[in-house]
Amino acid sequence: MTELSLQAAQQVLDSQPFSVLLGARLTAFGGGAATLEIGVREELRQQNGFLHGGVLAYAADNSLTFAAGTTLGPAVLTGGFSIQYIRPATGRTLSARAVVVHTGRRQAVARCDLYTVDEEGTETLCAVAQGTVLSARTA
């Protein structure tokens, strides 16, 4: 199996209109891991000023799937995931860092830690997620 480069993976992300709308970018990709980042801006916040939970869930979903794609190949789909919100997300950047913890023939299990980064570069863990990603290859 040939692994995609970071640049090729970013092109896949850029082909998703919702990812473009959020301004998502991959900053790391390969070897069973992927990091997706989103710049925090006003329209991504909820009524109390925190980053909306749906944005965190999106980041977890996509980073889990991209990480699993490095072990299963590029044709993958999310089978399901769960997310636990630890604290309100504030800061200037959301960083979703996923790593594969197990890969089988047709699926992978991955974990994602979501951090916010403030103006000084301080990282704060705000959520954790785990999911199953399925290979979309036909047998």
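Biologist: Is Arg-92 buried, partly exposed or exposed?
Modeller: Arg-92 counts as partly exposed, at 34% relative accessibility. Keep in mind that this is a predicted model.

Biologist: Which residue does Arg-92 form a salt bridge with?
Modeller: Glu-119. The closest N and O atoms of the two are 4.0 Å apart.

Biologist: And where do Glu-119 and Arg-92 lie?
Modeller: Both are in loops. Glu-119 lies between β5 (107–117) and β6 (123–135), while Arg-92 lies between β3 (76–85) and β4 (93–103). The pair therefore ties together parts that are 27 residues apart in sequence.

Biologist: Glu-119: buried or exposed?
Modeller: Exposed, because its relative accessibility is 62% and the cut-off for exposed is over 50%.

Biologist: How many salt bridges turn up in the whole structure?
Modeller: Six.

Biologist: What about Glu-123 and Arg-97, how do their side chains meet?
Modeller: In a salt bridge, at 2.4 Å from N to O. This pair links distant parts of the chain: Glu-123 belongs to strand β6 and Arg-97 to strand β4, 26 residues apart.

Biologist: What are the accessibilities there?
Modeller: Glu-123 has a relative accessible area of 42%. Arg-97 comes in at 29%. Glu-123 is partly exposed, and Arg-97 counts as partly exposed too.

Biologist: Which residue does Arg-45 form a salt bridge with?
Modeller: Glu-42, with the closest N and O atoms 3.4 Å apart. Arg-45 is partly exposed at 26%, whereas Glu-42 is exposed at 58%.

Biologist: Switching to the sheet. What is the strand order?
Modeller: β1-β2-β4-β5-β6-β3. It is an open sheet of six strands, and the pairing is antiparallel.

Biologist: Which strands stand at the edges?
Modeller: β1 (25–30) and β3. Each has a single partner strand, so one side of each is left without a neighbour in the sheet.

Biologist: How are neighbouring strands turned against each other?
Modeller: By 20° on average, ignoring direction.

Biologist: Over how many bridges do β4 and β5 pair?
Modeller: Ten, in the antiparallel sense.

Biologist: Which residue in β5 stands opposite Ala-98?
Modeller: Cys-112.

Biologist: Last one. Where does helix α1 pack?
Modeller: On the sheet. Helix α1 (residues 6–14) touches β1 and β2 (33–39). The direction of helix α1 makes about 135° with that of β1.

Conventions:
Residues numbered from 1 in each chain as written. Predicted model: local features only at pLDDT ≥ 70, side-chain atom pairs only at ≥ 80, totals over all residues. Heavy atoms only, no water. Buried < 20%, exposed > 50% of the residue type's maximum accessible area, 1.4 Å probe, protein only. Helix = DSSP H or I, 4+ residues; strand = E, 2+ residues; numbered from the N terminus. Pairing = 2+ DSSP bridges. Axes fitted to C-alpha atoms, helices over the stretch in contact; angles between N-to-C directions. Contact = heavy atoms within 4.5 Å.
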